[in-house]
Amino acid sequence: MTRRLSLLCLLGAVTVTSCVGPTTSGPNGEMGNGTTQPVVSFPPHVARLVERLDIPPEQLAWVPPRLWDDIRVDPSEVQTEAESGGYFEHRAAWARWLASCYTAAGYPAVADPPGSGHVRYRGANAAEFATSPAKQRCDAESLLRFPPGSLPSNREEWRAVYRRKLDTAACLEAEGHDVPEAPSLEAFIDSGGEWDPYLGVEDVPYEEWNRLLATCPQP
Amino acid sequence: MEQMGRLHSTLVDVGREVTAKTRGSGLVTAYTPNAVDSVFSPAADATARANDPTAQAATVGGSTTLNWEYGKRYCWW
């Protein structure tokens, strides 16, 4: 009896420790607590692009260094937001490219809903794919090919973000959903952009959420 | 206060659906055993939802502009 209880406890402990609590990976794949700014270093061919494209190094802190050897992006292949034709167009172009990269790696993925910025894969090996070097390579390369830029650095850039969120809020309200009250532009900037009109609909069923993503793009 | 660019993750269970979510700017991914959702948001919130009614576990992670976090794992029964 005692041995049986011990075995149950051991199994319980293994189960719990494998499922509870965060596991975080920090700069260049090292373990970390996710609360401090990483110091990120890149091989020269990546460092040149990161500097030239003004990509926040933190965006790429999770990339294991060995993956950079397989990633070569010529500057002529880089597509900026201006070249994409705007914020939402840039995100859509990124999603299409990423879906094609996953697919080429053997994991057929789709950009869905189109234009939403979401790339989805379904399959019994989804967890394997999500942590695979193939996905990491595609993700890292996508951020070089479609540089996301920095957070807003002046009032006009913040105003553009704010306006996109106001448009989305109006759209969600027109679709019959409640939206958190919009802060003033000043309060929005002071909070570091904290206001998400999608907060009011994040718990709707999946199908409705997808419909809204296609109708009212999440900014 | 949730600072813009921070990765924030939660799990929700809507009816019989199970969804893993992350929020933060940059590239974020949520996944379950049968579904992966990655989303890119250059300068605002991004919420990834991996829909998998049969899942008993989900993981969220990704890169954001102001912090980094990868591989939180949750289970529920």
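This is a predicted model: local features need pLDDT of at least 70, side-chain atom pairs count only at pLDDT 80 or more; totals for chains, interfaces and linings use all residues.
Two residues are in contact if their C-beta atoms, placed from the backbone, lie within 7 Å.

Chain A contains nine helices and two strands. Read from the N terminus, its elements follow the order α-α-α-α-β-β-α-α-α-α-α. Of the 219 residues in chain A, 32% are buried. Among contacts between residues at least 6 apart in the sequence of this chain, 58% join residues at least 24 apart.

The domain assignment of chain A gives domain 1, covering residues 38-145, and domain 2, covering residues 155-215. The centres of these two domains, taken over C-alpha atoms, are separated by 25 Å. Four residues from domain 1 of chain A and four residues from domain 2 of chain A take part in the contact between them. On the side of domain 1 that touches domain 2, there are two nonpolar residues, two polar residues and no charged residues.

Helix α7 of chain A, residues 155-174, may be considered next. At 1.5 Å a residue, its 20 residues should span 28 Å, and this agrees with the 28 Å between its end C-alpha atoms. Which residues of α7(A) are buried? They are W158(A), V161(A), Y162(A), K165(A), T168(A), A169(A) and L172(A). These residues cover an arc of only 120 degrees around the axis, and therefore lie on the same side of α7(A). On the other side of the helix, E156(A), R163(A) and A174(A) are exposed. The definition given at the start now applies: the buried residues of α7(A) pack against α8 (185-190) and α9 (206-215) of chain A. After α7(A) comes G176(A), which has a positive phi, near 95 degrees.

The strands of chain A form another part of the picture. Strand β1, residues 110-111, pairs with β2(A) in the antiparallel sense over two bridges. One pair of bridge partners is A111(A) and V119(A), the latter in β2(A). Together, β1(A) and β2(A) make a hairpin with six residues between them, and G115(A) in the turn has a positive phi of about 85 degrees.

Strand β2 of chain A, residues 118-122, has four of its five residues buried, so it is largely enclosed by the rest of the structure. Which strand of chain B pairs with β2(A)? It is strand β4 of chain B, residues 35-41, and the two pair in the antiparallel sense over five bridges. Within this pairing, Y121(A) has V36(B) in β4(B) as its bridge partner.

V50(A) belongs to helix α2 of chain A, which comprises residues 44-53. Is V50(A) buried, exposed or partly exposed? A buried residue has 20 or more other C-beta atoms within 10 Å of its own, whereas an exposed residue has 12 or fewer. V50(A) has 18 other C-beta atoms within 10 Å, and it is therefore partly exposed. Leaving aside residues up to four places away in sequence, V50(A) touches F42(A), I55(A), P57(A) and L60(A). The C-alpha atoms of V50(A) and S132(A) are separated by 23 Å, and these residues are 82 residues apart along the chain.

Definitions and conventions. Residues are numbered from 1 along each chain as its sequence is written. Chains are lettered from A and ligands numbered from 1 in the order in which they are written. Domain bounds come from an automatic or database domain assignment. Ala, Val, Leu, Ile, Met, Phe, Trp, Tyr, Cys and Pro count as nonpolar, Asp, Glu, Lys and Arg as charged, and the others, Gly among them, as polar. The expected span of a helix is 1.5 Å times one less than its number of residues. The arc is that of the directions from the helix axis to the C-beta atoms. Two strands pair if DSSP finds at least two bridges between them.
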